[in-house]
Every structure is written in structure tokens, then in C-alpha cells.
Amino acid sequence: MHQQKFEFLEPDVKRLFKTYLEKPELAGLILLLLLIVVFQIRSHGVFLNQDNLRGILGILPEAGLVAIGVTILMISGEFDLSVGSVFALMPMTMAVLMVHGAPFPLALLAGLLVSAAIGFINGYITIRFAIPSFITTLGMLFMARSLTVVVSGGFPPLLPADLPNWLFTSFVGPGNMFRMSFLWFAGIALLTSLMLSRTNFGNWIKATGGFPPAAAAMGIPTARVKIICFMLCSMLSGFAGMLQVLRLGSPLPSIGEGMELQAVASAVIGGASLAGGIGTVMGGIIGTTLIRVIDNGLVLSHVDANWFKFAIGFLTIFAVVANAWMRKRAKAIKMEG
Amino acid sequence: MADAIISVHNLHKWYSGVHALKGVTLDFTRGEALGLVGDNGAGKSTLINILSGVHTADQGEIKVEGRTVRIAKPRDAMDLGIETIYQYNSMVPTMSIARNLFIGREPTRFSVLGVGLLDQKKMASESIRAIANVDLHLRSPDALVGELSGGQRQGVAIARAMHFKSKVMILDEPTNHLSVKETRKVIGFVRGLKEQGITGVFISHNMHHVFECCDRVVAMARGEIVLDKRVTETSIDEVHSVL
């Protein structure tokens with residue numbers, strides 16, 4: 001019945017649906033460009049001026065890196081709610097070690113190892129006991145946050161003065177437009193995007209999330225693929241947390257609260273499917289940028305900033321409903337010759 | 001037997017106390033299309049899962065081309081030239097035909113520790129050829145498998161098995177939920193295997209389909225083989241009577 005309904009559709013419309021299936025982040029990108037225009041007009045040109053862009057680009061890498069990890073994990077068919085807590089625990093681990101005399105590189109390594117270990121535990125427990133990762137990582141959200149407060153001893157430790165800020169937070173580029181963190185973000189985005197779309201491992205991630213029985217039947221080690229995605233997600237979140245702490249200059253145990261949900265919203269707004277198999281790194285980044293743009297644009301447009309969360313919530317539901325609808329319609333059209 | 005491509009001897013399998021396979025001994029003759037029939041729970045899926053590496057036997061021996069082998073995981077079976085096409089789960093609907101053809105065996109331009117850049121040109125050209133070889137007419141290897149009909153998906157799965165030069169192709173209920181026209185096509189595929197020198201194992205509930213495209217029929221019931229005859233020497237009624 002559905003097919004008949006679409007017989008009158010022009011080939012152009014069919015192509016649009018097909019493009020959507022191949023580029024799920026497209027709708028988010030169009031919305032992003034639209035909002036930029038609206039905010040630019042509403043803020044009387046303040047939105048795209050250098051100072052404001054500097055502000056947005058300075059904090060984008062932190063949420064963006066978390067969203068990249070969550071998006072890749074979601075494509076593999078799993079979910080991580082503990083990213084916000086790892087975001088705080090990783091830099092706290094580093095700060096405590098540095099207070100005890102560890103040099104920065106060693107502390108960085110230890111922090112990344114702690115993040116990777118949490119990712120491994122998330123993945124191992126989820127797979128070993130066949131429970132939803134929603135539950136495993138919800139538990140880890142509380143545990144990692146608790147650990148953060150415990151290792152800090154209740155007081156944020158004082159960071160040493162000789163941190164390599166030049167490598168992570170200093171402003172660089174024409175007109176000091178970017179922080180170094182943006183270059184890290186761009187580099188990691190490029191690498192992870194290539195990994196997902198151009199390597200055999202990326203193919204395994206998509207197959208694992210797209211239809212696990214088929215992936216397993218074709219000899220893909222689906223458990224290992226998922227655990228690696230969990231670890232990657234945790235490490236990116238920890239690294240992002242470190243960037244924020246270096247920017248703020250103090251390891252607060254409360255940073256990253258609520259970040260897990262914004263990261264999920266970013267991934268979903270960027271076209272990733274909660275069911276796995278569909279999504280792109282670029283989509284996660286577009287979703288994050290959209291959230292940051294709305295946050296910033298509402299303030300500049302003199303709209304009550306308390307509408308921010310409303311807008312994000314609405315956008316998330318809207319994105320999922322629109323995605324589901326598009327997918328159903330697109331599937332109803334058979335495109336083979 | 002000299003011409004047996006796979007021989008299984010005294011295979012046993014227990015699933016938490018249930019004796020699913022009770023000492024099955026069977027030779028799969030090279031170049032033959034063998035129909036495996038039986039009711040649900042008769043043990044045919046268990047036997048196939050062991051041969052394709054999804055499960056391992058608790059007891060017994062498997063020989064492939066005369067050599068005793070251990071099939072511990074799907075990849076082992078594939079490396080031995082045994083390809084299994086499942087009713088539902090051999091394709092990822094959210095991925096393109098070209099990507100599906102090479103899942104787990106992607107050609108890479110270079111790789112470090114098994115991870116490498118995909119050779120997309122090779123994937124595209126080889127998948128076009130593989131699809132054409134099974135007489136399937138699809139517009140593009142970039143079409144998503146989710147857009148294909150059930151019969152076309154089976155066709156792509158068969159093209160994949162052919163492409164990787166499988167010696168034995170196991171088709172698990174390939175005609176289920178297919179339209180009459182598509183069923184004809186799949187049966188045609190199975191018949192065509194012999195010309196390509198491929199041994200076929202065709203599992204089906206539908207006795208007519210088995211008799212139409214197989215040389216030999218093996219019936220299983222309660223974990224044992226209860227009948228093993230050439231289709232010319234038996235009848236649908238006889239097979240039904242032993243099940």
C-alpha cells in the first residue's frame with residue numbers, strides 16, 4: 001500500500017529520501033545554517049562577530065569530543081550515560097597525581113588509562129551479563145562521580161603553574177580565533193570520521209550496530225568491537241574534561257554534570273539512530289554545534305535564557321520523530337531497478 | 001569416502017541437558033546438492049550451526065576434504081570454504097550492497113594490526129561483478145540492502161558466497177517468506193551451484209522445493225538421521241512418513 005502511495009513521486013523526491021538515508025546529518029546541517037542566519041539577524045550582527053565566534057569555538061571542542069564518542073558508540077548499538085562523570089574523573093585523577101609530584105605527561109597517561117578502564121568495565125559488564133548499557137552506564141555515572149569527589153578529598157586540588165597550556169588552551173590562528181583545543185578537536189574529528197567511513201573497523205562498527213546477528217555470522221568479533229567503542233567513548237570524554245579543566249584552571253568535581261544527556265541529544269539531532277547502525281561523526285559535531293549555537297544565540301537575541309533547555313528538548317524529540325518518519329518513508333520506496 | 005568434501009562422524013551436542021544431536025554421521029558429497037529436512041527441533045539447525053562455526057560440537061569429528069578440522073568460530077568455517085546463508089541474518093539492512101558483500105573480509109589498501117583503509121574502488125568493481133555473476137540486476141552497489149526485496153537479499157548473499165569461492169554453500173531456509181517468483185529464482189540459484197562445482201546444502205521445510213533442486217535428501221528427527229536417499233529413489237510421501 002505504501003509503495004502505491006508513492007508511485008506519483010518524482011525521481012527528485014526519491015533521490016532526496018535516498019540522500020537522507022546516506023547522509024542522516026543533512027537535516028541537522030540545514031537547521032544549523034538556518035539558525036545561524038536567524039540569530040545573526042536577531043542579534044543585529046553580533047552573533048557572527050569575531051569575539052562571539054571565539055567564545056563558541058573555544059568551548060565547542062569539549063562538548064564536541066564527548067559527542068563524537070557517544071555517536072560512535074551509538075552507531076555500534078550501545079549507549080553511555082557515564083561520560084559526564086568520566087569528564088570530571090579524568091582531570092581530577094590527573095590533578096591529584098600532579099599534586100603528588102607526577103609530571104604532566106605521566107598524569108595525562110594515567111588519566112587516559114583510568115578513562116579506558118571505565119569504558120572497558122562498561123562494555124564488559126554490558127556484554128558479559130547481556131544487560132542494557134543504559135543500566136551499566138547509569139550505575140557508572142554515579143560511581144565515577146562519587147570517585148571524583150572521593151579522590152579530590154572534597155577540595156579541588158591546586159593545579160601546578162607550569163601546565164602545557166600552549167598545547168591545549170592557548171589562542172592561535174588568524175586574529176587568535178581558535179584555542180589549541182579546537183585543533184585537537186578538528187584532528188580527532190577527522191581521524192574518527194575516517195575510521196568510521198573509510199576503514200574496515202568502521203565497517204565492523206556499522207555492521208555490529210546495524211544488525212548484530214549478521215555481523216556475528218560473518219565472523220566479526222562484535223563483543224570486542226563494542227568494548228573498543230566503549231573505551232574510545234570514555235577516553236574522548238576524559239580528554240575533553242581535561243581540556244575544560246585546563247581552560248578553567250581548576251579541577252572542579254562537579255564539571256560535566258548533565259553532559260551525558262546533551263551528548264545523546266547531539267548524536268540524535270545529528271541523525272544517529274538509537275537502535276544503532278546509522279549515524280556519522282559529522283552528525284554528532286553538527287548536533288553539538290547546534291546546541292551551542294542555540295545556547296549562545298538565545299542570549300544574544302535577548303530571549304530568556306531559561307528557554308535553552310526547552311529548545312534542546314524540543315529539538316531532540318523533533319529530530320527523532322523526523323528521522324523515524326523519513327526512514328519509514330524512504331524504506332517504502334524501492335529503489336532497485 | 002574419497003569424494004566427500006565434508007564428513008562428520010558421531011557428532012553430539014547437548015543444550016543444557018537436551019541431547020540435540022545424537023551421534024550424527026554424514027558425508028557431504030562433492031558437487032552434490034543435498035536437501036536437509038526435518039521438523040523444528042529435529043537437529044538440522046544444530047548440525048548446520050556446528051558446520052558454520054556458530055556452535056561447537058561436544059563430541060565427534062569433522063573432516064573437510066579428508067583433513068580433521070576444528071571449527072570454533074564462523075571465520076574458521078569461512079576460511080575452510082564453508083559459507084552459510086541464513087534466512088534473516090546474513091545482511092545488514094542499513095549498509096550498502098558493496099559494504100555487505102565484504103563484511104569481515106574487506107579489501108584494504110594497507111593495514112596496521114588488521115585495521116586498514118578500505119579499497120573502495122575494488123569493493124565497488126568486484127561487487128558489481130559478483131552481483132552480475134548470479135544474474136541479479138541491481139542498479140548500483142551503493143543501494144542499501146534494506147531497500148531490496150527478500151529474494152534480492154538472498155541473491156546478494158549467494159553472490160557473496162560465490163565471490164569468496166566457497167566450496168560448500170549452506171542455505172538455511174532460503175525460500176521462507178519469499179514470493180512465488182522469488183522462490184523460483186532461489187531454486188534456480190541452488191540448481192546452478194552444481195555447474196559452478198559448489199556443493200550445496202539446502203535446508204527447508206518445503207519438501208517440494210527440496211525435491212526440485214536437490215540430488216539427495218537427508219531427513220532428521222529427534223537428533224538423528226532417519227533417512228538418506230537420492231531423490232530419484234524416494235518420494236515426498238516416504239520422507240514425510242519418517243519425520
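A residue counts as buried if 20 or more other C-beta atoms lie within 10 Å of its own, as exposed if 12 or fewer do, and as partly exposed in between, with C-beta atoms placed from the backbone. Keep that in mind as we start the tour. This is a predicted model, in which local features need pLDDT of at least 70 and side-chain atom pairs count only at pLDDT 80 or more, while totals for chains, interfaces and linings use all residues. Residues are numbered from 1 along each chain as its sequence is written, and chains are lettered from A and ligands numbered from 1 in the order in which they are written.

**Stop 1: chain A**

Select chain A. Of its 337 residues, 47% are buried. You will find 15 helices and two strands; helices (H or I, at least four residues) and strands (E, at least two) are DSSP runs, numbered from the N terminus. Along the principal axes, the C-alpha atoms of chain A fill a box of roughly 70 × 55 × 35 Å.

**Stop 2: where the chains meet**

Now show both chains. Here 25 residues of chain A are in contact with 31 residues of chain B, contact meaning that C-beta atoms, placed from the backbone, lie within 7 Å. Colour α10 (200–210) and α11 (212–217) of chain A: each supplies at least two residues of the side that touches chain B. Which helix gives the largest share of that side? It is α10(A), with six residues.

**Stop 3: the sheet in chain B**

Strands of a sheet pair through backbone hydrogen bonds, either parallel or antiparallel. Select chain B and follow its open sheet of six strands, in the order β6-β9-β10-β3-β11-β12, with mixed pairing; two strands pair if DSSP finds at least two bridges between them. At the edges stand β6 (82–85) and β12 (224–230) of chain B, each with a single partner strand, so one side of each has no neighbour in the sheet.

Zoom in on β6(B), which pairs in the parallel sense with β9 (residues 168–172) of chain B over four bridges. Thr84(B) is opposite Ile170(B) in β9(B).

Look for Arg216(B) opposite Arg230(B) in β12(B). These two strands form a hairpin with two residues between them, and Arg222(B) in the turn has a positive phi of about 50 degrees.

**Stop 4: a helix across the sheet**

Finally, select α6 (residues 180–193) of chain B. This helix lies across β3, β9 and β10 of chain B, at about 150 degrees to β10(B); axes are lines fitted to C-alpha atoms, for helices over the stretch in contact, and angles run from 0 to 180 degrees between N-to-C directions.

Notes:
Contact = placed C-beta atoms within 7 Å.
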